[in-house]
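Biologist: Hi! Could you walk me through this one? I'd like to start with the ligand.

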Amino acid sequence: MIELKGVAKSYNGTTKAVDQLDLTIPKGEIFGFLGPNGAGKTTTIKMITGIIRPDQGEIRINGKHIEKDAIAAKRQFGYVPDSPDLFLRLKGLEYLSFMADIYEVPEQVRKERILQLAERFDMTEALGDTIQSYSHGMRQKIMIMGVLVHHPEVWILDEPLTGLDPKSSYTLKEMMREHADSGRTVFFSTHVLEVAEKLCDRVAIINKGHILFCGTFPEMQQHFQSNHSLESLFLELTQA
Ligand SMILES: Nc1ncnc2c1ncn2[C@@H]1O[C@H](COP(=O)(O)OP(=O)(O)OP(=O)(O)O)[C@@H](O)[C@H]1O
């Protein structure tokens, strides 16, 4: 579960990137965070994950306060950033072992998980190569695998589908569904609205730091008395 109450963040004391954000994402839900470029999605995700501090408001992950109880809160989630260009000198397997070490995943459990994940994401052959030699999509996949290797309760993914080939994209979406159906939480940002429409239990649309709508897609159609697609409604809302 992720809870944000009255969260606000300005950069340089001027640009209000996020303003008075209230959001609750319960267990068992895939939640899509949508918005045009510069809307405040990454800023929000960075606050949820404790990378930057909000100026105001409170954030809790499974009840743990991200600032006051940071270690306990950070144990609850796995985070895939929007750029997968990290740890480039490590080999794929070294990176996964590093992540497993940080999260204290026992030796036997990590071996099995790495094998399973590598198979699901078609990465078995690539594990011995450095991340530097990977394509963008392969870097994205190794980041996702690094997060999943410690089996976090809450998944927080910033644009996770960018650069993935159709099979990997399908696999990730399938895994997101399985994760939510097992009573856990998936929070992700995306610009791919067809995916959000099909995959998410609920979505929030943010623009200029404010939530314009939060709910299910049918609720959204009902609210705007429209049978338009999520893409059309998104464009109408964010261009208004
Ligand atoms: N480090 C920073 N310093 C100053 N302003 C910033 C910084 N990071 C983001 N901003 C500003 O905050 C606002 C929100 O940016 P943010 O990156 O959160 O948007 P986003 O919704 O993730 O966009 P995109 O879809 O393009 O990734 C924008 O106006 C952006 O220019």
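Biologist: Which side chain has an N or O atom 2.8 Å from an oxygen atom of the ligand?

Modeller: That's Lys41, whose side-chain N or O atom sits 2.8 Å from a ligand oxygen. It counts as a polar contact, meaning a pair of N or O atoms within 3.5 Å; within protein, one must be able to donate a hydrogen and the other to accept it, and residues adjacent in sequence count only if both atoms are side-chain atoms.

Biologist: How much of the ligand's accessible area does the protein cover?

Modeller: The protein covers 60% of the 640 Å² that the ligand has on its own. Those areas come from the Shrake-Rupley method with a 1.4 Å probe, and for residues only the protein chains shown count as cover.

Biologist: Before we go on, what kind of model is this?

Modeller: It's a predicted model, where local features need pLDDT of at least 70, side-chain atom pairs count only at pLDDT 80 or more, and totals for chains, interfaces and linings use all residues. Residues are numbered from 1 along each chain as its sequence is written, and side-chain values use heavy atoms, with hydrogens and water left out.

Biologist: Back to the ligand: which backbones have a polar atom by its oxygen atoms?

Modeller: Gly38 has a backbone N or O atom 2.7 Å from a ligand oxygen, and for a polar backbone atom of Gly40 the distance is 3.0 Å.

Biologist: Which element gives the most to the shell?

Modeller: α1 does, with three residues. Both α1 (41–48) and β2 (15–25) supply at least two. Helices (H or I, at least four residues) and strands (E, at least two) are DSSP runs, numbered from the N terminus.

Biologist: New topic: how much space lies in the largest pocket?

Modeller: About 350 Å³. Among its 18 lining residues, Tyr79, Pro81, Tyr95, Met99 and Tyr103 are the closest to its centre. On a 1 Å grid over the protein atoms alone, a pocket is an open set of points where a 1.4 Å probe fits, with protein on both sides within 12 Å along at least five of seven lines; lining residues have an atom within 4 Å of a point. Points are joined across faces, edges and corners, and the volume is the space filled by probe spheres set on them.

Biologist: And what volume does the second largest pocket have?

Modeller: About 290 Å³. Its lining includes Arg113, Trp155 and Glu178. α4 (107–120) and α6 (166–181) each give two or more residues, and α4 has the largest share, four residues.
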